[in-house]
Amino acid sequence: TSLHYFDNGVRSPSSEWATRLDLFANLQLTHTEKLVIGVRPLDRNAFNRFTRVQLNDNFGSSKIEPNLDIRTLFFEGDFGSLFPGLDPVGKKPIDLGFSVGRQALTFQNGIMINETVDAVGLVRNNIRFAGISGMRSTVVYGWNELHRSNARLNRSSDLFGWFNSIDTLKHTFNLDMIYVEDEQITGDSFNLGFSAIQRLGHFNTTFRINTSFEMDTDSPKAGTGTMYSSEVSWTPYRSDDIAYVNAFLVDGNYTQVGREPIVGGPLASLGVLFASPGVGNLLSELNNLTNDVAGLVLGYEAFWDNHHRSLTLEIASRKDIGGDGFDDVAFGFEFRQKLTQRIQLGLDASYSVLEKRDDGTSLYTEIRYLF
């Protein structure tokens, strides 16, 4: 539950008290087979559709949003464990994991897709080749609940995905691709992503290239563009703190395959000032969509009291390189305090300097209970 004030310099300010409840049930049938169901009975998966008390009238009156919409419902297992009689000596390649139902798909750290989709997937672990320690390959077909990059539900889309993770002695490489067949005006699209994760000396590094191709006409829902991003972090000497520098460059109109309406765009994973809290009518401090833009994020997260308390300080910027956008910069902090074994207090604040618009401010307080 959160009490917050949000003004991004564009729309009218919003002040409200909003609440979110995530409930899950897990039927563990065997050590490899389980059925998971999840609901969010206090919101309808939209920024302005949370159960809330509105403290101003710019976005409607206070509301209760009761529902039992199924947000998660999938069964997962392993063919080799379900049918051990097919391979009594364990030599056949039938140890295939599978999952079917409404489930989360997050690849390239959410840059490619960050969505919950009705889908079926098959995964093969521990694939061995010379020079690698292991490879995981997954194929996915999705047929419903895909929100294209404008976060609007499109029930006419079919998703075909192939995702690969390769471990070597010093690196982890990911090669992912998704093709979407869309009967509506959005049109077909293809996304390709590659990432390399490794430690270089004292630095943890991740480098990514993500490309989207619109097969028909370029649109905000599915565009053609390439996003280059890097993430570098390290632990300062004699501390458990984390310092990080993230950068990105987008050539063209890069779009995700799909994203849930409240999780934010491709930049959401690169900094707290680009991320959406996912509770109430509170967006990210800086625009997290990607169309001919470059930017930099500098941050430092400090820990105290045996990691029961943390403070993150961050500065982030966006630079328009296409001539049609704006240059923006924001400063902010994120404070977290453990109150009890299951209760956490959060306090965030930010100030944004926006080109050709009023400056933006936000203040966000949260009590989170994990039971």
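Two strands count as paired if DSSP finds at least two bridges between them. Strands (E, at least two residues) are DSSP runs, numbered from the N terminus. In strand S22, leucine 347 stands opposite phenylalanine 335. The model is predicted: local features need pLDDT of at least 70, side-chain atom pairs count only at pLDDT 80 or more, and totals for chains, interfaces and linings use all residues. Residues are numbered from 1 along each chain as its sequence is written, and side-chain values use heavy atoms, with hydrogens and water left out.

Confidence was examined next. The predictor's confidence in each residue is given as pLDDT, from 0 to 100. The protein chain has a mean pLDDT of 91. In this chain, 95% of residues reach 70 or more. Strand S16 has the highest confidence, at 98. Confidence is lowest in strand S11 (residues 153–154), with a mean of 68.

S20 and S21 run antiparallel and are joined by 10 bridges. Across this pair, arginine 309 stands opposite glutamine 337 of S21. S21 and S22 also run antiparallel, joined by 11 bridges. A hairpin of four residues links S21 to S22. Lysine 338 also belongs to S21. Its relative accessible area is 29%, so lysine 338 is partly exposed (buried means under 20%, exposed over 50%, partly exposed in between, with a 1.4 Å probe and protein chains only). Lysine 338 and glycine 193 are 145 residues apart along the chain, and their C-alpha atoms are separated by 37 Å.

The second largest pocket holds about 620 Å³ of space. A pocket is an open set of points on a 1 Å grid over the protein atoms alone, where a 1.4 Å probe fits, with protein on both sides within 12 Å along at least five of seven lines. Volume is the space filled by probe spheres set on the points, which are joined across faces, edges and corners. The lining comprises 35 residues, each with an atom within 4 Å of a point. Closest to the centre are Ala268, Gly271, Val272, Ala275 and Glu334. By class, 13 lining residues are nonpolar, 13 polar and nine charged. Here Ala, Val, Leu, Ile, Met, Phe, Trp, Tyr, Cys and Pro count as nonpolar, Asp, Glu, Lys and Arg as charged, and the others, Gly among them, as polar.

A nonpolar core is a set of buried Ala, Val, Leu, Ile, Met, Phe, Trp, Tyr and Cys residues joined through side-chain atoms within 4.5 Å. The largest has 28 residues. Ile113, Ile178, Met227, Phe248 and Val257 touch the most other members. Strands S8 (113–127), S12 (157–167), S13 (171–182), S17 and S19 (293–304) each give two or more residues to this core. Another core, of seven residues, lies apart from it and includes Ala18, Ile262, Val279 and Tyr364.

Two asparagines have positive phi values. Asparagine 109 has phi near 55° and lies in the loop between S7 (96–107) and S8. Its relative accessibility of 39% makes asparagine 109 partly exposed. Asparagine 126, in strand S8, has a phi of about 55°. At 58% relative accessibility, asparagine 126 is exposed.

Proline 277 sits in the loop between S18 (258–259) and S19. At 29% relative accessibility, proline 277 is partly exposed.
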